[in-house]
Amino acid sequence: GKKFVGDLGADGTITWQETGQVFNSPSAWATHCKRLSLASEGEEEEMPEEEEEEAVREGRAPVTEPVATKRPEERSKKQPCKSVAEPAGMGKVARGARGGPWAAHSGEGTLCSADHGPPGKRPESKPRVPVRYCTLGTRDSARNPQTLVEVTSFAAINKFQPFNVAISSNVLLLLDFHSHLTRSEVVGYLGGRWDTNTQLLTVLRAFPCRTRLGDADAAGAVEEPYYHGNPGVESRITPFWVMPPPEQRPNDYGIPMDVEVAYIQDGFLTNDVLQEMTLLVEFYKGAPDLVKFQELWSQDQTYLDKLKGSLASRTPKDQSFAHVLEQIYSLLKVGS
């Protein structure tokens, strides 16, 4: 018998007209209104079990106590430092070359970042130091949107990962290849399937965006593509998901969570992957921010050796496409 009125924002949020309070989704607002109705009728304010399960699937409410109920000092003690970080700005496009390519600003998706190894030459920019999530406070327009935030494990906040993720090796190969080509930030999308029954997200395709992000104005916002924190040849790809804040604290930042992933080994390289690799080489060929693959990455390995070494573990055992890969590598050497 009660009426609640809210405004739907362009970003999908709901603003409750009565109080101006902002909710991340219509369902979060509806649950809040239902709780208010139950409270006014003297009933328990607990969320019904089926609604709680739905909230967990949407990532808007943990199974156990909300993170926001813990004091900042307590959260600080439980969050270990990690090298992969997430900007506080919450866009929706996967982006790259910060601790690695294809890192994401997504509040709703599971995307990846990759750490490459010792640094090559890069545009001069001030070092960006990651901060702990507990130091962010509520959303603030004065905060630098390029702020890096340390990722948190689900175990650190006594939670279980609310969904499963599997990624194809061809996706990782294309993502890794794209991220090695330039010293500038790169962008791409990931696509696949979502199974509601098993709560499994399977990433089956990568779509690199051929765009120019290496201009001088953007250089300061880009983290080095050959990240010095990873001394190995193989890139370290770390998927993470930004968990929305609890509904009772809609103005908090989302929490970047480290996501466990199963990897699917493809039997062969598909034509679309090879075509995307060729198009990327053509796009970056001769560009000022193209990595100089004939130069030394370490004492005895060139950047091309580094690239081949990183892709080796993601290349299918079927060697029928080996000659095509060698042609692509040759184009890189000439183009740089």
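**View 1. Helix α7 and the elements that cover it.** In this predicted model, the buried residues of α7 are covered by elements that include α4 and α8. The buried positions of α7 are Tyr303, Leu304, Lys306, Leu307, Ser310 and Leu311. Looking down the axis of α7, you will find these buried residues within an arc of 155°, so they line one face of the helix.

View 2. Helix α6 has 14 residues, and its first and last C-alpha atoms are 20 Å apart, close to the 20 Å expected at 1.5 Å a residue. Its buried residues are Val273, Leu274, Glu276, Met277, Leu280, Val281 and Tyr284. Seen along the axis of α6, these fall within an arc of 160°, so they line one face of the helix. The cover over the buried residues of α6 includes α4, β11 and α8. On the face turned away from the buried side, look for the exposed residues Asn271 and Gln275. After α6 comes Gly286, with a positive phi near 80°.

**View 3. The largest nonpolar core.** This core holds 47 residues, and those with the most contacts inside it are Phe177, Met277, Phe293 and Leu307. Helices α4 (169-181), α6 (271-284), α7 (303-312) and α8 (322-335) are among the elements that each supply at least two residues of the core. Strands β9 (164-168), β11 (200-209), β12 (236-243) and β13 (255-258) also each supply at least two. The largest share, 7 residues, comes from α4. A second, separate core of 6 residues includes Ile14, Phe23, Trp29 and Cys33. As general background, nonpolar side chains in soluble globular proteins tend to be buried together.

**View 4. Gln294 in the loop between α6 and α7.** Here we turn to a loop residue: Gln294 is found between α6 and α7. With a relative accessibility of 39%, Gln294 counts as partly exposed. Leaving aside residues up to four places away in sequence, Gln294 touches Thr302, Lys333 and Ser336. The C-alpha atoms of Gln294 and Val334 are separated by 8.9 Å, although these residues are 40 residues apart along the chain.

**View 5. The tilted pair of Phe4 and Trp16.** A search of the whole structure finds 4 aromatic pairs. In one of them, the rings of Phe4 and Trp16 have centres 6.0 Å apart and planes at 55°, so the pair is tilted. Phe4 lies in the segment before β1 (6-8) and Trp16 in strand β2 (residues 14-16), so the pair ties together parts that are 12 residues apart in sequence. Phe4 counts as partly exposed, at 24% relative accessibility, whereas Trp16 counts as buried, at 7%.

**View 6. The stacked pair of Phe154 and Trp241.** The ring centres of Phe154 and Trp241 are 6.4 Å apart and the planes meet at 20°, so the pair is stacked. Phe154 lies in the loop between β8 (148-150) and β9, while Trp241 lies in strand β12, so the pair ties together parts that are 87 residues apart in sequence. Phe154 is buried, with a relative accessible area of 6%, and Trp241 is buried too, with 5%. Ring pairs link Phe154, Phe163 and Trp241 into a cluster.

**View 7. Two loop residues with positive phi.** Most residues other than glycine have a negative phi, which makes the next two worth a look. Asn158 is not a glycine, yet its phi is positive, about 55°. This residue, Asn158, lies in the loop between β8 and β9 and counts as partly exposed, at 48% relative accessibility. Gln199, also a residue other than glycine, has a positive phi near 55°. Gln199 is found in the loop between β10 (187-195) and β11, and at 14% relative accessibility Gln199 counts as buried.

Methods. Residues are numbered from 1 along each chain as its sequence is written. This is a predicted model: local features need pLDDT of at least 70, side-chain atom pairs count only at pLDDT 80 or more; totals for chains, interfaces and linings use all residues. Side-chain values use heavy atoms; hydrogens and water are left out. A nonpolar core is a set of buried Ala, Val, Leu, Ile, Met, Phe, Trp, Tyr and Cys residues joined through side-chain atoms within 4.5 Å. Buried means under 20% relative accessible area, exposed over 50%, partly exposed in between (1.4 Å probe, protein chains only). Helices (H or I, at least four residues) and strands (E, at least two) are DSSP runs, numbered from the N terminus. Contact means heavy atoms within 4.5 Å. The expected span of a helix is 1.5 Å times one less than its number of residues. The arc is that of the directions from the helix axis to the C-beta atoms. Rings of Phe, Tyr and Trp (its six-membered ring) pair if their centres lie within 6.5 Å; planes under 30 degrees apart count as stacked, over 60 as edge-to-face and the rest as tilted.
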